[in-house]
Amino acid sequence: MTSVPGFSAADHAFMARALQLAERGLNSTSPNPRVGCVIARNGRVVGEGWHERAGEPHAEVHALAAAAAGDPEAARGADVYVTLEPCAHYGRTPPCADALVAAGVARVVAAMQDPDPRVAGRGLERLAAAGIRTECGLLADAARELNIGFVSRLTCGRPWLRAKLAASLDGRTALADGASQWITGAAARADGQHWRARACAILSASGTVLRDDPQLSVRLGDAGQTGQRQPLKVIVDSRLRTPPAARLFEQGRVLIVGAGGDPARAAALAARGAEVLDLPGSDGRVDLPALLGELARRGVNEVHVEAGRVLIGSLLAAGLVDELLMYFAPCLLGDSAQGMFALPPLVSLAQRQALKIRDWRIIGDDLRVIARCA
């Protein structure tokens with residue numbers, strides 16, 4: 001762990017614990033950020049908590065309640081470690097900054113400033129105005145990574161887009177006839193479910209629906225997963241070809257995004273429970289940047305793409321892919337098999353898409369690589 005000047009080893013340890021707590025809300029806080037909080041006095045933790053679900057108390061409130069359960073004055077004069085600046089506005093819950101002031105804490109350390117313009121420094125300012133010592137920036141990179149979609153939505157106006165692919169070691173995702181189940185093993189597929197679970201929306205295309213009839217639902221299989229939050233299913237379908245009998249309608253919400261398709265087909269999909277949205281681009285296909293802007297407007301932080309090479313290639317060509325989640329199986333399919341991305345031909349190597357590898361590891365028998373678009 002890299003030391004940050006001005007912060008002690010104890011500060012680092014307490015903030016690291018707050019980040020662990022925040023991660024417990026990985027799959028459940030959308031559209032809110034994942035936040036953890038630790039309250040310590042005289043070098044000892046007296047209360048901790050995390051934001052569990054949108055609309056419910058924030059991390060600071062849970063931590064204050066835990067501290068008060070042992071001693072009503074436990075938080076007075078204490079240090080508070082929170083992974084995101086305490087809020088200073090009324091939303092579905094009151095401002096956490098006010099709760100910390102009322103508790104009489106002496107110091108608040110935030111990992112990062114809240115990018116929400118309703119807060120954006122105002123929480124720390126309110127605390128400082130009340131005489132509370134405030135500091136910001138401890139383990140900021142880790143805090144930002146935990147809420148990378150929330151930050152993207154509020155600073156860039158679009159969700160963080162992560163595209164998942166499964167391929168052979170020579171970069172082939174399906175045979176020439178489209179057969180692709182299963183290239184990778186069960187462990188890789190199970191790992192992919194966890195990435196689905198943390199997303200706010202799963203994005204696919206009508207071609208994938210017609211070919212594979214996927215459920216596009218989260219199936220973690222863990223004990224106690226009854227009632228698992230299901231991300232919004234978003235299908236890019238310019239001509240509204242998605243069959244109303246498709247399995248994706250069996251569970252969760254579905255958004256079909258067309259480009260001026262047949263009204264009768266739109267009505268049939270709506271009757272099946274889908275929301276049908278028209279977002280035509282100048283080329284007669286779905287306007288992908290407009291779609292991501294619309295998802296951001298709806299509070300979507302992270303989009304998980306599971307689609308074929310055409311949609312992923314279009315997203316890459318439009319500069320809309322932030323991260324690639326790639327599973328490579330130890331096998332070869334050859335040149336006749338389908339590639340990973342349908343991209344325009346390059347005239348020079350200078351046009352190639354640069355990537356930065358963030359992580360690689362073995363999952364079962366397969367290799368998982370996480371790379372970001374540079």
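**Entry 1**

I began with A120, which is partly exposed at a relative accessible area of 34%. My scale calls a residue buried under 20% relative accessible area, exposed over 50% and partly exposed in between, with a 1.4 Å probe and protein chains only. A120 sits in the loop between β4 and α4, and its phi is near 40°, a positive value in a residue other than glycine. Helices (H or I, at least four residues) and strands (E, at least two) are DSSP runs, numbered from the N terminus.

A note on ground rules: this is a predicted model, so local features need pLDDT of at least 70 and side-chain atom pairs count only at pLDDT 80 or more, while totals for chains, interfaces and linings use all residues. Residues are numbered from 1 along each chain as its sequence is written, and side-chain values use heavy atoms, with hydrogens and water left out.

N42 also has a positive phi without being glycine, near 55°. I found N42 in the loop between β1 and β2, exposed at a relative accessible area of 77%. I then noted a cis peptide bond between S30 and P31, with omega about 5°. P31 belongs to the loop between α1 (9–23) and β1 (36–41).

**Entry 2: domains and the cavity**

The chain divides into domain 1 (9–150) and domain 2 (157–373); these bounds come from an automatic or database domain assignment. Their contact takes 12 residues from domain 1 and 12 residues from domain 2, where contact means heavy atoms within 4.5 Å. The C-alpha centres of domain 1 and domain 2 are 34 Å apart.

Rolling a probe the size of a water molecule over the atoms shows where empty space is left. My rule works on a 1 Å grid over the protein atoms alone: a cavity is a set of points where a 1.4 Å probe fits but cannot get out, and lining residues have an atom within 4 Å of a point. Points are joined across faces, edges and corners, and a volume is the space filled by probe spheres set on the points.

How many cavities of 30 Å³ or more are there? The count is one. The largest cavity holds about 80 Å³ of space. It has 15 lining residues, and T29, S30, N32, R34 and N301 are the closest to its centre. Where does the largest cavity lie? Both domain 1 and domain 2 give residues to its lining, so it lies between them.

**Entry 3: two sets of UniProt binding sites**

UniProt lists H58, C87 and C96 under "binding site" in an unreviewed entry. They span 39 residues in sequence, yet no two of their C-alpha atoms are more than 9.1 Å apart, so they gather at one spot. A caution to myself: such annotations may be inferred rather than shown by experiment, feature names are shortened, and the positions are in the numbering used here.

H58 is in the loop between β2 (44–50) and α2 (59–70) and is partly exposed at 21% relative accessibility. C96 belongs to helix α3 (residues 96–103) and is buried at 1%. Leaving out residues up to four places away in sequence, C96 touches H58, E60, V61, P86 and C87.

The same feature name in UniProt also covers another set, including W182, S238, L311, I312 and G313.

Is W182 buried or exposed? W182 is exposed, at 57% relative accessible area, in the loop between β7 (172–174) and α7 (186–198). S238 is partly exposed at 21% and lies in the loop between β9 (232–236) and β10 (254–258). Beyond four places in sequence, the contacts of S238 include V257, G258, G284 and R285.

**Entry 4: helix α11**

In helix α11 (residues 309–317), I noted L311, I312, G313, L315 and L316 as buried. Among the elements covering them are β6 (160–168), β8 (201–205), α10 (288–297) and β16 (366–373). Just after α11, G319 takes a positive phi of about 70°.

Key. On a 1 Å grid over the protein atoms alone, a cavity is a set of points where a 1.4 Å probe fits but cannot get out, and a pocket is an open set with protein on both sides within 12 Å along at least five of seven lines; lining residues have an atom within 4 Å of a point.
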